[in-house]
Amino acid sequence: MHSDSPKATSAAALPAVSWKEFAAAQSAFAAEVRAAFGAAKHHVLATLRGDGSPRVSGTEVDLRGDQMLLGSMPGARKALDLRRDGRMALHAAPEESMDPGDAKVGGIAVEVTDPAEARALLSDPGADPAAFHLFRILISEAVITSVASDELRIRHWHPKRGLVDTYRDG
């Protein structure tokens with residue numbers, strides 16, 4: 001994609017950090033986000049279609065050490081969306097209740113194109129990187145929404161603003 005296209009410019013201007021940097025900046029909050037994504041296998045991924053409209057897909061998220069990763073079958077629409085415009089959002093909704101909370105991560109997906117790096121990230125020297133797409137997630141925001149007594153509690157983290165904790169009447 002040409003670097004001065006509107007989509008490339010807006011994605012490049014989005015402040016985003018690695019999972020490692022997020023966890024270093026807000027270790028307790030990052031641990032809660034990690035737990036929310038680890039509580040279930042399937043999550044919801046929002047991407048942008050070529051015309052700018054949203055696409056929602058099921059996906060699996062892998063938090064390996066210092067990385068937040070997601071994969072896809074070769075040629076899947078969500079992978080093609082992310083290749084064209086890496087802006088995305090992930091949602092790890094709670095199964096039955098709002099306990100411990102509803103977690104979301106927004107940011108940029110960057111495809112891992114080096115086969116050796118993909119194998120190392122997956123800890124599988126025999127993996128065939130041609131058989132899948134692998135994306136590293138750079139985080140521009142993380143949110144956990146929960147219920148506290150009769151109020152909605154929204155904790156929102158951003159690389160430049162840090163963690164903000166707000167409450168709303170129910």
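1. Leaving aside neighbours within four places in sequence, Glu60 is in contact (heavy atoms within 4.5 Å) with Lys41, His42, Leu69, Leu70 and Gly71. For one of these, Leu70, the C-alpha to C-alpha distance from Glu60 is 6.2 Å, at a separation of ten residues in sequence. Glu60 itself sits in the loop between strand 2 and strand 3 (61–64), strands being DSSP runs of E of at least two residues and helices runs of H or I of at least four, numbered from the N terminus. With a relative accessible area of 40%, Glu60 is partly exposed, that is, between buried (under 20%) and exposed (over 50%), using a 1.4 Å probe and protein chains only.

2. The model is predicted, so local features need pLDDT of at least 70 and side-chain atom pairs count only at pLDDT 80 or more, whereas totals for chains, interfaces and linings use all residues. Residues are numbered from 1 along each chain as its sequence is written, and side-chain values use heavy atoms, with hydrogens and water left out.

3. In helix 4 (residues 77–84), the buried residues are Lys78, Ala79, Asp81 and Leu82. Because they cover an arc of only 160° around the axis, taken from the directions from the helix axis to the C-beta atoms, they lie on the same side of helix 4. Their cover includes strand 1 (43–48), strand 2 (54–59), strand 4 (67–72), strand 5 (87–92), strand 6 (102–111) and strand 7 (133–148).

4. Overall, the protein has five helices and nine strands, and buried residues make up 38% of its 170 residues.
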